[in-house]
Amino acid sequence: MSSSTSSQAVVDRVQNFVSEHKHAVLIGTAAALVAIGGAAYYASSSSSGPRGDVEKGEGKKDRKKGKKKKTVKDEDGPILEERKPKAAVVEEGEERTKAAASLKGKGNSAYQQRKFAIALDYYTRAIAVTPKPEPVFFSNRAACYVNLNPPQHDKVIEDCDKALALDKNYLKALNRRATALEVLQRYEEALRDFTAAAILDKFQNMTAAEAVERVLKKLATDKATEIYATREKRLPSHMFTSAYFGAFRPRALPELPENPTTGDSTLRMALEALQASDYAHAFTLVNEAIEQGISWDAGEAEALNLRGTFKFLMTEIDGAKEDFLKSIELEPSFTQTWVKIASVYMEQSDPKKAFECFEEAIKHNPNDPDIYYHRGQVLFIMNEFGEAAENYTKSTELDDKFVFSHIQLAVAQYKSGNLANSMGTFRRTLRAFPDRSEPQNYYGELLLDQQRYPDAVEKFERAVEIERTKTPPMNVLPMVNKGLALFQWQQDVEAAERCCQEALEIDPECEAAVATLAQLSLQQGKIDVALRMFDRQSQLARSEPELISALTYQFATEAQVKFMQTYPEMAAQLGQMARMM
């Protein structure tokens with residue numbers, strides 16, 4: 001296990017914790033309560049239940065009886081909502097009020113007979129004659145626009161706007177407008193309305209919850225695709241890049257030919273920069289070396305391997321694959337390249353090809369411990385923990401000085417339900433690598449998973465101590481993990497926040513710290529901070545799925561902010577709702 005995979009695990013862990021404890025999280029300040037009630041509840045939960053039809057209009061009594069809801073597909077058409085217009089205050093307006101009610105009744109009758117154009121005309125006349133506008137007239141006319149052929153969704157939105165201007169709590173109008181906005185792919189506005197409908201209905205309407213999740217997914221996916229297509233490719237954070245290269249055992253620098261070319265010398269400088277963890281410089285130099293020309297096949301294969309690795313880290317998957325294949329063509333026995341091609345195939349969801357690459361690597365060098373470690377990683381993410389453990393063990397037998405093989409073996413044993421073996425492996429690893437922070441950190445993660453909070457915090461603190469003695473840059477993951485442990489253990493949000501803030505001061509690109517701080521900020525009502533953190537998380541996201549996840553939380557939170565701006569009086573009620581959940 002490398003720090004890069006652990007960083008994503010921390011992000012997942014904090015989001016899962018928020019999702020699992022969403023009811024407790026809801027109880028807090030009104031602003032935080034709304035934000036987390038939407039962002040965490042909708043972005044992390046998986047709702048189920050029957051889907052409703054936005055055109056149904058039965059009253060509360062019908063809903064409680066559980067009667068089948070009618071739609072336009074039923075023989076007698078959908079039932080429209082029967083709201084009684086408020087009596088006109090001015091005496092001379094009574095006749096007009098009666099006339100409007102009569103026209104509405106005729107409109108309902110025509111609607112039930114699926115004569116939508118006629119019904120629309122009756123509702124329009126009712127709107128014209130009534131002395132006091134009634135929201136139900138506009139909402140029912142909107143239902144007619146939905147059922148015209150073709151539907152007039154813009155008109156639906158206009159009428160629902162008018163209905164909601166008269167009664168902002170009108171759920172049917174909110175849902176109708178949200179549905180029309182979704183059809184028109186105006187997803188941010190649709191999310192606003194579906195979110196408001198869900199909260200106004202006290203989170204009891206599963207149809208609304210499902211609609212929020214559906215629109216959030218569409219909105220985040222579309223936005224992520226747009227961002228990803230135009231975003232300049234760049235290397236991920238220093239910690240992530242270091243973690244990836246650190247997942248391979250170090251190799252000696254290749255010997256240059258007797259009369260090296262300029263490209264040969266530039267390649268040597270690129271590899272020296274890599275050893276010094278100067279990744280940006282190494283990337284620039286290896287590109288220059290390939291352009292200048294490298295005089296011997298093994299050197300060119302090395303250069304293509306390195307450039308392909310950088311492209312892979314920048315998610316240029318096709319370009320990485322092309323470089324790796326050229327490298328193998330030049331030097332078929334280069335096992336590290338075979339391992340990296342396997343990673344490309346896994347990224348492309350082709351495990352069969354990935355395992356074929358591992359087998360090919362073993363044919364060339366069955367004693368390369370990296371092959372078994374990385375094959376174990378693939379098996380691990382496929383939840384084949386027993387086979388993964390066998391590969392980690394093989395890797396360790398070939399070279400017992402590589403700390404990650406020991407750590408990942410312990411984690412695989414833990415995932416297999418072998419708790420005693422896992423803890424034993426970790427204790428041996430701690431003794432074998434007393435000056436490494438990674439065993440302390442990952443052991444702490446397993447203790448945290450067992451809810452052994454004091455022991456977990458102790459391990460994280462020890463990992464931080466070790467990291468502080470090292471040459472910068474510091475790995476801040478143990479610091480973030482400590483904050484998360486304090487949060488889960490004592491609900492000490494402020495202490496957890498301080499841990500994340502300190503981590504970000506040291507490493508501003510630590511995605512785990514950003515993601516955790518975003519969630520913690522929500523709980524303290526610091527919505528502006530949370531939104532900044534979600535935006536920052538989006539900027540740091542390395543892959544499209546990571547970007548979608550960050551945007552999902554960002555859009556959900558923004559929808560909650562809009563709700564509070566429209567319904568400020570709901571703050572006190574939301575506190576009561578949270579306690580009843």
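Me: Do helix 20 and helix 21 run roughly parallel or roughly antiparallel to each other?
Reply: Heads-up: this is a predicted model, where local features need pLDDT of at least 70, side-chain atom pairs count only at pLDDT 80 or more, and totals for chains, interfaces and linings use all residues. Residues are numbered from 1 along each chain as its sequence is written, and side-chain values use heavy atoms, with hydrogens and water left out. The axes of helix 20 (residues 385–398) and helix 21 (residues 403–415) come within 9 Å and cross at roughly 160 degrees; axes are lines fitted to C-alpha atoms, for helices over the stretch in contact, with angles running from 0 to 180 degrees between N-to-C directions. Angles under 35 degrees count as roughly parallel, over 145 as roughly antiparallel, 65 to 115 as roughly perpendicular and the rest as oblique, so this pair is roughly antiparallel.

Me: Which residues of helix 21 make the contact with helix 20?
Reply: Helices here are DSSP runs (H or I, at least four residues), numbered from the N terminus, and contact means heavy atoms within 4.5 Å. Helix 20 brings Phe 385, Ala 389, Tyr 392, Thr 393, Ser 395 and Thr 396. On the helix 21 side you'll find Ser 405, His 406, Gln 408, Leu 409, Ala 412 and Lys 415.

Me: Is Asn 383 buried or exposed?
Reply: You'll find Asn 383 in the loop between helix 19 (369–381) and helix 20, with a positive phi of about 65 degrees even though it isn't a glycine. Buried means under 20% relative accessible area, exposed over 50% and partly exposed in between (1.4 Å probe, protein chains only). Asn 383 has 55% relative accessibility, so it counts as exposed.

Me: How far apart are the end C-alpha atoms of helix 25?
Reply: Helix 25 covers residues 477–490, which makes 14 residues. The expected span is 1.5 Å times one less than the number of residues, so it should span 20 Å.

Me: How many residues of helix 25 are buried?
Reply: Among the buried ones are Leu 477, Met 479, Val 480 and Phe 487. Helix 25 is largely enclosed by the rest of the structure, because the buried count, out of 14, is 11.

Me: Which residue with a positive phi follows helix 25?
Reply: Most residues other than glycine have a negative phi, and most peptide bonds are trans. Here, though, the loop between helix 25 and helix 26 (493–506) holds a residue that isn't a glycine and has a phi of about 50 degrees. That residue is Gln 491.

Me: What is the relative accessibility of Arg 141?
Reply: Arg 141 is in helix 7. Leaving aside neighbours within four places in sequence, Arg 141 contacts Leu 120, Tyr 123, Thr 124, Ile 127, Asp 159 and Lys 162. Arg 141 counts as buried, because its relative accessibility is 9%.

Notes:
Helix = DSSP H or I, 4+ residues; strand = E, 2+ residues; numbered from the N terminus.
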